[in-house]
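Subject: Handover of a structure and notes on it

Dear colleague,

Please find the structure below, handed over for your own work. My notes on it come after the display.

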Amino acid sequence: TGSTGTTGTTGTTAATTTTTLRPPPVTAPPAPGNPADPATITTVGQNLPDPFVLKVPGGYELYTSQTGLYAPAIPTAFSTSVNHWGEFHAAMPAVPAWGTSGFTWAPDVRFIDGRYVMYFDSMARASLYTDSAGSGFSRYAQCIGIATAPAPSGPFVGQDKPLICDFAAHGAIDPRTFLASNGQLWLDWKSDNNAANPAPFPATNLYAELLTSNGLALAGPPHLLMSADGAWQRNIVEAPQMVEARRHYWLFYSGSWFNTSAYGLGIASCKGPIGPCTDLSVAGPWLGTNDQGQGPGEVSVFEDRGGNWWILYSPWYFGYLGHNDRPVAMAPIGFGQDGPYIATLPGTG
């Protein structure tokens, strides 16, 4: 059997001075849009899963997952608008010593204390974890790590030790930071139980864990946000994204296997940054297969300079143009009394 571990930290202490962090302002709800035709594909013909956008001086920086053994570790591109991206290059030229090249996913970046801090997951080296009962990739596990850079485009340098591994649940993936209105910075993540496939696995969990003020270490235990509880999810919820809007907390997530048309986006209503969260998408996904591709998932959310909210996601199969790449899809959203909805916006910031 595989080794068993617990959540670990880098041991880094908080800095004595910190940048003042504030959440984005609440904006007026835009008009509803069409969930059957929700998005714009901004990277046609390119395979760029797990998209994440950061507002930076002069524009926006887009980060995505690594897509192959020899592909850049965390590609990034800059744009002055939110839907016309420039050339991609490697934001992180090499994975840290604890990771394995070729399996670096799910970037999230924040500017903290004068530097850019990236959260990502990477396959842990076999010396850290090997499940002798598994086969193929199920023998190994992902850990969440941290890298820092002086500029949003990199180069990011990873820390020597992973931040979270959760080997007892076959690994940890999909880090996403959330800044609460009280200034606390949280890291949301997923227990990767389904990585043990094809063996039976328990429902995956989504957690929130407090970060130190400099963002470089954990400052508290994990808090359970939610577990997979709908039949369509097939025991898998992942890619958490917490948002505070209109004085309420909403948790976006993905459900089911990423490489099927059943993959989709769900919504949960939460009492606060550590939950508890009530799944509002038990009966089916909030956003499922649509005109921009089958199996949308791997969501992130951001607010542009014009005050418009967007979701970014990756459809599993971009079939209507004959591609099975996972391009970047962007859809405008609003927040009403009943929660998030696909919106129509007149323009972008």
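The model is a predicted one, in which local features need pLDDT of at least 70 and side-chain atom pairs count only at pLDDT 80 or more, while totals for chains, interfaces and linings use all residues. Residues are numbered from 1 along each chain as its sequence is written, and side-chain values use heavy atoms, with hydrogens and water left out.

**The chain as a whole**

The protein chain has 0 helices and 22 strands; helices (H or I, at least four residues) and strands (E, at least two) are DSSP runs, numbered from the N terminus. Of its 349 residues, 56% are buried, where buried means under 20% relative accessible area, exposed over 50%, and partly exposed in between (1.4 Å probe, protein chains only). Its accessible surface is about 13,700 Å², and carbon and sulfur atoms account for 54% of that. Accessible areas come from the Shrake-Rupley method with a 1.4 Å probe, and for residues only the protein chains shown count as cover. A contact means heavy atoms within 4.5 Å. Among contacts between residues at least 6 apart in sequence, 56% join residues at least 24 apart.

**Disulfides**

The structure holds 2 disulfides, a disulfide being a pair of cysteine sulfur atoms within 2.5 Å. With the bonded cysteines numbered in sequence order, the pairing is 1-2, 3-4.

Cys-143 lies in strand S9 (residues 142–149) and Cys-165 in the loop between strand S10 (157–158) and strand S11 (172–179), so the pair ties together parts that are 22 residues apart in sequence. The link of Cys-143 and Cys-165 is right-handed, with 110° about the S-S bond, and both cysteines are buried.

The other disulfide is formed by Cys-270 and Cys-277, whose sulfur atoms are 2.0 Å apart. The torsion about the S-S bond of Cys-270 and Cys-277 is about 110°, so this disulfide is right-handed. Cys-270 counts as buried because its relative accessibility is 2%; Cys-277 also counts as buried, at 14%.

**The sheet S3-S4-S5-S6**

Four strands form an open sheet in the order S3-S4-S5-S6, with antiparallel pairing. Strand S3 (52–56) and strand S6 (89–90) stand at the edges with a single partner strand each, so one side of each has no neighbour in the sheet. Two strands pair if DSSP finds at least two bridges between them. Strand S4 (residues 59–63) and strand S5 (residues 75–79) are joined in the antiparallel sense by 4 bridges, and Leu-62 has Ala-77 in S5 as its bridge partner.

Strand S20 (residues 309–317) is mostly covered, with 7 of its 9 residues buried. S19 and S20 pair in the antiparallel sense over 7 bridges, and Ser-300 stands opposite Leu-312 in S20. These two strands form a hairpin with 5 residues between them, and Gly-307 in the turn has a positive phi of about 85°. S20 also runs antiparallel to strand S21 (residues 329–336), to which 5 bridges join it. In S21, Ile-333 is the bridge partner of Trp-309.

**Thr-104**

Thr-104 is found in strand S7 (residues 99–112). Thr-104 is buried, with a relative accessible area of 0%. Not counting residues up to four places away in sequence, Thr-104 touches Ser-65, Gln-66, Ile-74, Met-92, Val-95, Phe-120, Asp-121 and Ser-122.

**The cavity**

On a 1 Å grid over the protein atoms alone, a cavity is a set of points where a 1.4 Å probe fits but cannot get out, and lining residues have an atom within 4 Å of a point. Grid points are joined across faces, edges and corners, and a volume is the space filled by probe spheres set on the points. By this rule the count is 1 cavity of 30 Å³ or more. The largest cavity has a volume of about 60 Å³, and its lining residues include Asp-50, Ala-106, Asp-174, Pro-175 and Arg-176. The elements that give two or more residues to this lining are S11, strand S15 (237–245) and strand S19 (294–303). S11 supplies the largest share, 3 residues.

With kind regards

Methods
1 Å grid on protein atoms, 1.4 Å probe; cavity = no way out; pocket = protein on both sides within 12 Å on 5 of 7 lines; lining within 4 Å.
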